[in-house]
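Please consult the structure while reading.

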Amino acid sequence: MKLKPEWYVIQVISWTEENVKQSLFQRRESFGMEDYILDVFVPTHEVVTVRAWGKEVKKSKNILPGYILVQMVVTNESWYIVRNTPNVTGFLWAWNIPVPVSGEELEKLKWKIAENAVEYSSKFNVGDEAYITGGTFDGNEWVITEINDKKWVVKMTINLLWRDTPVELDFSQVKIKN
């Protein structure tokens with residue numbers, strides 16, 4: 001009887017997910033378990049941070065820190081190899097036998113990854129006092145009222161001719177007050 005491969009959640013030491021993935025692939029080859037340990041998946045998505053002058057910095061962010069998914073056929077040997085991989089602390093939901101991830105849970109995870117394909121983040125927060133460092137209002141200090149990470153702009157309300165006027169500025173034109 002041929003066993004069906006399933007996805008299992010493996011607990012690992014945080015920040016070692018990629019190392020464990022590489023170790024599992026190496027151990028799979030060295031023990032000849034290519035037919036039993038099929039795939040290893042670290043659920044990540046890309047985070048884009050905007051630095052000074054609008055420079056984008058891209059990083060990969062783990063959605064489930066401390067966990068990876070392994071597609072495998074569970075036998076005594078394959079289970080032993082995965083459990084005894086460095087930085088692996090165990091299978092999730094397993095007492096004696098690992099429990100596979102349901103198809104519905106796997107689809108939810110894939111949907112979450114696709115939804116967060118690119119995440120934008122900035123160093124600004126609503127309510128921060130900031131200096132304007134470029135343009136017409138250079139040198140003025142105002143409070144940030146709105147942030148749009150996708151367009152890389154902040155809105156500040158400035159006093160122009162004795163009226164509060166909203167102004168939209170590029171991230172590179174704003175510096176947080178220390």
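**Surface, cores and backbone**

In this predicted model, Leu160, Leu161 and Trp162 make a nonpolar surface patch of about 430 Å².

Q: How many residues does the largest nonpolar core have?
A: Nonpolar side chains tend to be buried together in soluble globular proteins. In the largest core here, the residues with the most contacts inside it are Ile10, Leu24, Ile68, Val70, Val82 and Phe91. Elements that give two or more residues to this core include strand 1 (6-12), helix 1 (17-30) and strand 5 (67-72). A second, separate core of 11 residues includes Val154, Met156, Ile158 and Val167, whereas the largest has 17 residues.

Q: Is Trp15 buried or exposed?
A: Trp15 lies in the loop between strand 1 and helix 1. Although Trp15 is not a glycine, its phi is positive, at about 75°. Its relative accessible area is 78%, and the cut-off for exposed is over 50%; therefore Trp15 is exposed.

Q: In which loop does Asn87, a non-glycine residue with a positive phi, lie?
A: The phi of Asn87 is about 75°. With a relative accessible area of 32%, Asn87 is partly exposed. Its position is the loop between helix 2 and strand 6.

Conventions:
Residues numbered from 1 in each chain as written. Predicted model: local features only at pLDDT ≥ 70, side-chain atom pairs only at ≥ 80, totals over all residues. Heavy atoms only, no water. Core = buried A, V, L, I, M, F, W, Y, C linked by side-chain atoms within 4.5 Å. Buried < 20%, exposed > 50% of the residue type's maximum accessible area, 1.4 Å probe, protein only. Helix = DSSP H or I, 4+ residues; strand = E, 2+ residues; numbered from the N terminus. Patch = residues over 30% accessible without salt bridge, like charges linked within 9 Å, V, L, I, M, F, W, Y side chains within 5 Å. Areas by Shrake-Rupley, 256 points an atom, 1.4 Å probe, with all protein chains shown as cover. Salt bridge = Lys/Arg side-chain N within 4 Å of Asp/Glu carboxyl O.
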